[in-house]
Number of protein chains: 2
Amino acid sequence: MNKKVYVGIDLGGTSIKMGICSVEGSAICEIEQPTPKGHYLEVLSTFNQLLGELLLQNGLLMDEVMGVGVGVPAFLNVKKGFVYNTVNLDWKDVPLKAELEQALKLPCFIDNDANTAALGESWQGAGRGASHLICVTVGTGIGGGLFLNGDIYHGALGLAGEIGHLAVRPKTGRQCNCGKIGCLETEASATAIAFYAIEALKLGKATTLQEKFQSIGTITARDVLDAAKNGDPVCQEIMDHVSYNLGFALAQLSNVLNPEKIVIGGGVSKAGSFFLDPIREQFRMYALKKVAETVEILPAELGNSAGWLGAAWLVHRNLGHNGGKIAK
Amino acid sequence: MNKKVYVGIDLGGTSIKMGICSVEGSAICEIEQPTPKGHYLEVLSTFNQLLGELLLQNGLLMDEVMGVGVGVPAFLNVKKGFVYNTVNLDWKDVPLKAELEQALKLPCFIDNDANTAALGESWQGAGRGASHLICVTVGTGIGGGLFLNGDIYHGALGLAGEIGHLAVRPKTGRQCNCGKIGCLETEASATAIAFYAIEALKLGKATTLQEKFQSIGTITARDVLDAAKNGDPVCQEIMDHVSYNLGFALAQLSNVLNPEKIVIGGGVSKAGSFFLDPIREQFRMYALKKVAETVEILPAELGNSAGWLGAAWLVHRNLGHNGGKIAK
């Protein structure tokens, strides 16, 4: 069997995304299904069923699959393939790599989902060609992954990349879920954007979102972005706050890590240059001159496919053509 | 010839430190001499002369030397062995590796001096045994080196590790030499400690340093530390400011890099726990829980020998027993 493929799985609290790509990283097919709640063995059985379906639908054979990578929303030990605890699944102390290999009868590799999303963008997305990359996802929280020297950087305990917990307002900010004050996540996530808009509405500030808020009872980050784009001064002020905090935090990180690129993903990044240009401007103000001149800040390209493609890269990294050596 | 040694050189603006160590990293001998001013060939000729002297004095032969590593106070390209420009030497665009190899007739390797100091502590100093390490030197400025995955991390242009330019007071701080505002270096270096004390003296604040300042006309960071230790409230306040800024900045970095250890060097670190304990306390306040619980903050151990030992490690890294693979 000559032609080989990799399988990648992005395991989320709500849904499972599975895809198959060539050894060069071209997506061949993908499938999505709700995540079964309950015991992790149910999830593994869903993996098995989805893999069978995908192969059948695309005329591929099990023998052609070199291995399976899985991105898990969890605190885990990559080398041991062990999951300590998960974020939105009720798992604890699961020897996931071993269990996966038994269930799927294929070599399996795991990493956390923030890292696999970063790996996807590094391999096939906006980060293509860069060896040193910072990936940030601005969503409900702010997640991150560091791609350094051509591989994901895990740090001592696998905790590296917690960009959302850089303190941007350590004295004056709000309390974060992590227990600290004024984290980037509490100031610039999609949740924070909506929070600041709702706070302004409650204070009776004049904004075009008033009507929507009164009829629906809530506001999304996307609403705030759209209103800011249309010139709403209250929403513009909120977005200025967000740009400053993201630009400032990314500049700090870049002064120390000297990346080639920064890739920003998550729902709000779809607003493109309206969202990114002010971040770039703030970044340049706070980055060292050579860093400011050379770092590219780019929107993520792969959307929901980044996670499974990055998970598939784990197979490439471990079993790829160059004999298990780190390669892009 | 069985027994082999490495030579390390720490090239400073004022003096050259050269040492010889075993392949295990035990220092055998070292020598120091003022740096000749002028053309870089004069420096290379001094290297040659010092190497001859060291070998002769210690009964070693040229054939026993596996290679020479040099730490240079410069912006350089490690792979190409090329120096773009230096900080305290008047060099520009020097193909240093090639010139060194021609002058010394040995394999030579270069890196910048902040990195070689970090490598020395990682290999034989306070960082022994750690694969992920942040090194900080609190001196005239604040320098840094990142030892990640068992090797120095350079970043895209070799600029990584600029810990001194993390902005801790981006809105309210003083102007830094780098052009930005409120860098860690302007708030917590030895220069900053002395600056804040002199400022307090000029404002007529009641401090025990008054007499010394009036008779000598200046104050050192060490004076401020000693006075703080003896209960001088003005100096204690300055040291609180320094501890907060160092602890805060190192916590930010650790939340993202998840190191095992942080090693703090430079003159003021010799004050030991009086200097380090308040930094540790502030660090714990601003680091994520697991990071705060696991990262050790330690004083540098090697003093002035860190630079040449780290430079010698460059030979170990490239020509060591494990065939040029990254190793500690």
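In this predicted model, B:Tyr40, B:Leu41, B:Leu44, B:Phe47, B:Asn48 and B:Leu51 of helix α1(B) are in contact with B:Leu96, B:Glu99, B:Leu100, B:Ala103 and B:Leu104 of helix α2(B). The crossing in which α1(B) passes α2(B) is right-handed.

Chain B also holds an open sheet of three strands, arranged in the order β5-β6-β7 with antiparallel pairing. Its edge strands are β5 (74–77) and β7 (92–94) of chain B, each of which pairs on one side only, and neighbouring strands of the sheet are turned against each other by 20° on average, direction ignored. Between β5(B) and strand β6(B), which covers residues 82–86, the antiparallel pairing runs over four bridges, and B:Leu76 has B:Val83 in β6(B) as its bridge partner.

Turning to the two chains together, chain A can be laid on chain B by a turn of 180° and a shift of 0.0 Å along the axis, with an RMSD of 0.0 Å, and the two copies are therefore related as by a two-fold rotation axis. Within chain A, the C-alpha of A:Leu253 is the one nearest this axis, at 3.9 Å from it. Because 100% of the interface residues of chain A are interface residues in chain B as well, the copies meet through the same surface.

Terms used
Residues are numbered from 1 along each chain as its sequence is written. Chains are lettered from A and ligands numbered from 1 in the order in which they are written. This is a predicted model: local features need pLDDT of at least 70, side-chain atom pairs count only at pLDDT 80 or more; totals for chains, interfaces and linings use all residues. Side-chain values use heavy atoms; hydrogens and water are left out. A crossing is left-handed if the near helix is turned anticlockwise from the far one by less than a right angle, and right-handed if clockwise. Helices (H or I, at least four residues) and strands (E, at least two) are DSSP runs, numbered from the N terminus. Contact means heavy atoms within 4.5 Å. Copies are superposed by least squares on the C-alpha atoms of residues with pLDDT of at least 70 in both. Two strands pair if DSSP finds at least two bridges between them. Axes are lines fitted to C-alpha atoms, for helices over the stretch in contact, and angles run from 0 to 180 degrees between N-to-C directions.
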